[in-house]
Amino acid sequence: MKRRDFLKATGCLGLSLGCPELLASSLPPLDLIRPNLSRVEARYYEKLPDREIKCTLCPRYCHLGDKERGYCGVRENDGGTYYTLVYGKVCAVNVDPIEKKPFFHFLPGTLAFSLATAGCNVNCRFCQNWQISQVRPEQVEAYDLPPEEVALAARRNNCPSIAYTYTEPVVFFEYMIDSSLASRKLGLKNLVVTGGHINPEPLEELIRAVDAIKVDLKSFSEAFYKEYVRGELKPVLEAIKLIHQRKMWLEIVYLVIPTLNDQESMIRQLCRWLIKEIGPDVPLHFSRFHPMYLLKNLPPTPIPTLEKLHSIAREEGLRYVYIGNVPGHKAESTYCPFCGQLIIERVGYQVGRIELKNGRCRFCNAPIPGIWS
Amino acid sequence: MSQIIFPFLLGFFSLSTQIFLLREFQVQFYGNEVIYGFVLGFWLLWGSSGSLLAPKFRLEKRHLPLLLEIAIFLPVFVFPCLRFVRFFWGKPFGESLGLQASFFSALGCCLVLSFPFGLLFYLNVHFLQGNLTRVYLLEALGAALAGLTVDLFFIPNFSCWQSLAILGISGLILIFFSNPFKRKLLLTAAIAGFLVLLSLLDSQAQKVATRPFPLIKSHDSPYGRWQIVKIEDQITLYQDGLAVASVPDPAEAEEIVHFALLQRPEAEKVLLIGGGFSGAIEEILKYPSTTLDYVEIDPDIIPLLKSLLPPEKQSIFESPRLTIHHLDGRTFFTKRDEIFDVIILAVPEPATAQLNRLYSREFYSLIKRHLSPQGVISLRVSSAENYQSPALVRYLNNVYATLNSVFSRIEIIPGDTNIFLASDYPLQIDLDFFVSRLDKYQIKTRFIRPQVISARLSPMRLERLKTRIASVSTRPNSDLHPRGYFYYLAYWASQFGLNETRILEFFFRIPASILILLPLFLVAAIAAPVFISRGKTSWPSLPLIVLGFTSLMAEVLVLLWFQLRFGYIYEKIALLFACFMFGLFAGAFIGQKSSLARISTLLVDQAGIILILIVLLILLPLQISSFVPYLFLFLFGSLGGHIFVLSNLPLIRESRSYGLGYGLDLAGSFLGAILGPPLFFPLLGLPATIISLLILNASCLLVLFLGRAYRHERSLF
């Protein structure tokens, strides 16, 4: 083959390989959802020369030029000012049992007014809410729900608490703070369900504004975080420590994905770290994985695996260890760690008997940590 | 003898390798029409490129046996790469691979495997001193026999790698002993050795590919590859790389069964189509008055699974209240008269035209004839609990619209999966209803109970899902307009990112009138450079491009038509395909008579294609006798083979054009593969696709006619 022919063929091949990408990126999306974006200045960023900014909300520290967006896709630099595009723009609103979040030691048996905007600052391959977390805000149908309205809506639905959940509430930080402050005035509690990718300074502000935080700890391995979450473990552990130090109510959920993050040694390390840094009273939920999103072809977690991890955690000294997504399992219920009696009966998301009196076990009077009323 | 064997082996190995490649792709990626389109399309494209570019490689006749041996050897390299392709893309076992990964993987694999076959065609014509017709005849015969032997003998009895090895070694022996040039025993033996290694390493390679999950069993059946992975006491069943069910996993089984059966808890006859191994059978038999008919198309799967279940679970398959039928779901209804109280469809989602048959208006109408007046049907589809994206909403709306075109009452259970219930009799899905029924009939469940489903059935979620689904409007999915699988594919693609969805959804926006004319423009785009570079002498080759496009689209369309009318029967699909190839052989055989090498013959052939398409268009919606699709395929093949031979005659005057006609034919087929099932069938529908083919072929006839009149030539020589 002559050189000219080879070059022609290679050029054609390159063009044909690149065509689909060029074509796709030039097409506007079909869904002509009228973009419903906000333009509220973000609170955690630094202005830099040449209209650049550095976001300081989460450990990514996105360094952005004019018109660029952060990794989360919901914050944008416009002429040197950083804006959140999802302030007051909710795309998912529900009334859920608080046990669904799950919070087991916080107002058991009550309802949580749950909401989310689009966006997330990580990319979990197993995200249950990928349709709103792994997209840009222009791709979801959002409607306006100002902070004051959040509180009123929660009241109308007889919810004593508001949960910022589904996606990653850190990315709608300003909205979450303002909604929390507004709902506090009405006597409502505020709960955050987060992956924990947040910097210390905004986390301090968040802790002052809300009443409970549940952290989704995906694994106790940096490699897992890098491979399956596109994030880092270390900042999450720092966030957990800070939450505990500020005496904010904390629960931890560990989604157990078979063979990926269920190694016994890893779980023991996690439990020992929790005992050392947080203490034995932090509720730890081992949640059963259901195939989802990009990991739809993995098997669900076998129940014996969850039971094994549950035993390990109890052996290591954690007092309140639960198994989630297995309705009817006895490890859904709370047992007094001192006398062993059943003190909060749960089946699925429903609470049965509660054997507590003033936050103490009715049988042996031992204090049971939590927010019970 | 080599002048017979070499062209025959070209056809045989080209098709057999293609079949195994498609099956392997099905396992490693996801078996949907877009993926099939990529593999088939790139196979044809690279084969075409090999044929067109062959003159530039300065190949000689003596290279022919060596190139054949290389073509037999290449799967030894490509198939293991394909088995572990996910590691190349950085994706572990269990993670889905999207359109981008499948596009480039198909492009790469087909380049390596198919390009040599294109070269081989050219070289064979050289070897036979320009007797292209003979090469084509023998190639068609080889392909026809490959289709029959692979589908009817090798796939049911051996794995892909084993089959490649057995066939490859047989081919090497034939090549070696018929080689008229210098024989290279060492090379042949080395290739044979590698093929043996390939077959021996198959099961080990599967185990490595599924790590870290322990693979305990693998079985290739005509319906796909079944693999079983075991962790603790839980076994998970995979079909073609897709997780189908886990045992025990009562959540799934209960969801499939109880939302439907609690509507009619005193049902006497229940039908379950698919999904029996998730535990659904056990759940159905909790209702004491029920007898169950279970339809499972693959007879291999139940014995495979039973052997791994504990004895108390195995015994459920021996229940006197259970009858198992090994049939396609639609075929079951055409062969049986029973009336059922509840019909549960636990089939895979409509990812292909074949699966789409189980989601069409006609199928639901067929089901309704077998449903009692108060009967209920249920089916389950993917969804999202908290927010339904526009792509998902369109898909769900289409399922709803299709059911609604047959049944007057539809209810939808929200959640990460949606359960659709349909009936002409009232349905209820509020929490109190299910609670009271569970209580009254003492049905013991773990997941379908108030403590778990109360959040799922909250009035807010029920209302919002209804509103979301009603916010768009799609036309019902039908057999002849299988739009359902396109909506599903667009939703499936959306999980991989924006670009992949955009490409698919772009085609939604093209008006049907433009889409119908699209083949005309694309064929002109391929033909133009040929006419420009070779002048007006090449105009009789235009039918080759049109032929390639038409025959591939028509072949797939008729295969689909057969399945719509008679169900999916694996052996019959193989026979249908062989019928087409024998037709090619017959047409090419007749075409080699020089007295017929006239322009007018070409015009008659082209007119014949048009006539067959018109008859196909008329018969499409009608009930037909089972021999009719065979006849159509034979006729398409015959005319196609005849046109191929005639159109090539002006080209083979020059040896540099030996591969040109074949290349153009394959280029046309490439367009057909990429556009046909993935786009035209669902977006235009089958009748409009035929109209598009009619316009294309009529335009071709016009060009031929004008060209003949202009040149005043009668003969193609």
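Modeller: In this predicted model, 64% of the 717 residues of chain B count as buried. Buried here means under 20% relative accessible area and exposed means over 50%, with partly exposed in between, using a 1.4 Å probe and the protein chains only. Residues are numbered from 1 along each chain as its sequence is written, while chains are lettered from A and ligands numbered from 1 in the order in which they are written. Local features need pLDDT of at least 70 and side-chain atom pairs pLDDT 80 or more, whereas totals for chains, interfaces and linings use all residues; side-chain values use heavy atoms, without hydrogens or water.

The overall form of chain B comes next. Its C-alpha atoms occupy a box of roughly 85 × 55 × 45 Å along the principal axes. The radius of gyration of chain B is 27 Å, which agrees with the value near 27 Å that a compact globule of 717 residues would have. That radius is taken over C-alpha atoms, and the globule rule is 2.2 Å times the number of residues to the power 0.38. Chain B contains 28 helices and eleven strands; these are DSSP runs numbered from the N terminus, with helices (H or I) of at least four residues and strands (E) of at least two. Of the contacts in chain B between residues at least 6 apart in sequence, 77% link residues at least 24 apart, a contact being heavy atoms within 4.5 Å.

The surface of chain B amounts to about 25200 Å², of which carbon and sulfur atoms supply 64%. Such areas come from the Shrake-Rupley method with a 1.4 Å probe, and for residues only the protein chains shown count as cover. Chain B carries 58 positive and 49 negative side chains, and the centres of the two sets are 10 Å apart. Lys and Arg are taken as positive and Asp and Glu as negative, leaving out His and the chain ends; each charge is placed at NZ of Lys, CZ of Arg, CG of Asp or CD of Glu.

Helix 20 (residues 484–494) of chain B illustrates burial within one element: eleven of its eleven residues are buried. Among them are B:Tyr485, B:Phe486, B:Tyr487, B:Tyr488, B:Tyr491 and B:Trp492.

Two further residues of chain B can be followed in detail. B:Arg565 belongs to helix 23 (residues 542–566) and counts as buried because its relative accessibility is 15%. Beyond four places in sequence, B:Arg565 is in contact with B:Leu620, B:Pro621, B:Leu622, B:Gln623 and B:Ile624. A polar atom of the B:Arg565 side chain lies 2.9 Å from the backbone oxygen of B:Leu620. Such a polar contact is a pair of N or O atoms within 3.5 Å; within protein, one must be able to donate a hydrogen and the other to accept it, and residues adjacent in sequence count only if both atoms are side-chain atoms. B:Arg565 also lies 9.0 Å from B:Arg330, C-alpha to C-alpha, although 235 residues separate them in sequence.

B:Thr445 sits in the loop between helix 17 (431–441) and helix 18 (450–456) of chain B. B:Thr445 is likewise buried, since its relative accessibility is 15%. The side chain of B:Thr445 reaches the backbone oxygen of B:Ile448 at 2.7 Å. Residues up to four places away aside, B:Thr445 touches B:Glu254, B:His258 and B:Leu438. The C-alpha atom of B:Thr445 is 9.7 Å from that of B:Lys286, which is 159 residues away along the chain.

Some backbone features also deserve attention. Most residues other than glycine have a negative phi, and most peptide bonds are trans. A cis peptide bond joins B:Arg211 and B:Pro212, with omega about 10°; B:Pro212 lies in the loop between helix 8 (185–209) and strand 1 (215–221) of chain B. Another cis peptide bond joins B:Val247 and B:Pro248, with omega about -5°, and B:Pro248 is in the loop between strand 4 (242–247) and helix 9 (250–261) of chain B. B:Gln129 has a positive phi, near 50°, and is in the loop between helix 5 (99–127) and helix 6 (132–157) of chain B. At 56% relative accessibility, B:Gln129 is exposed.

In chain A, A:Tyr166 has a phi near 65° and is buried at 12% relative accessible area.
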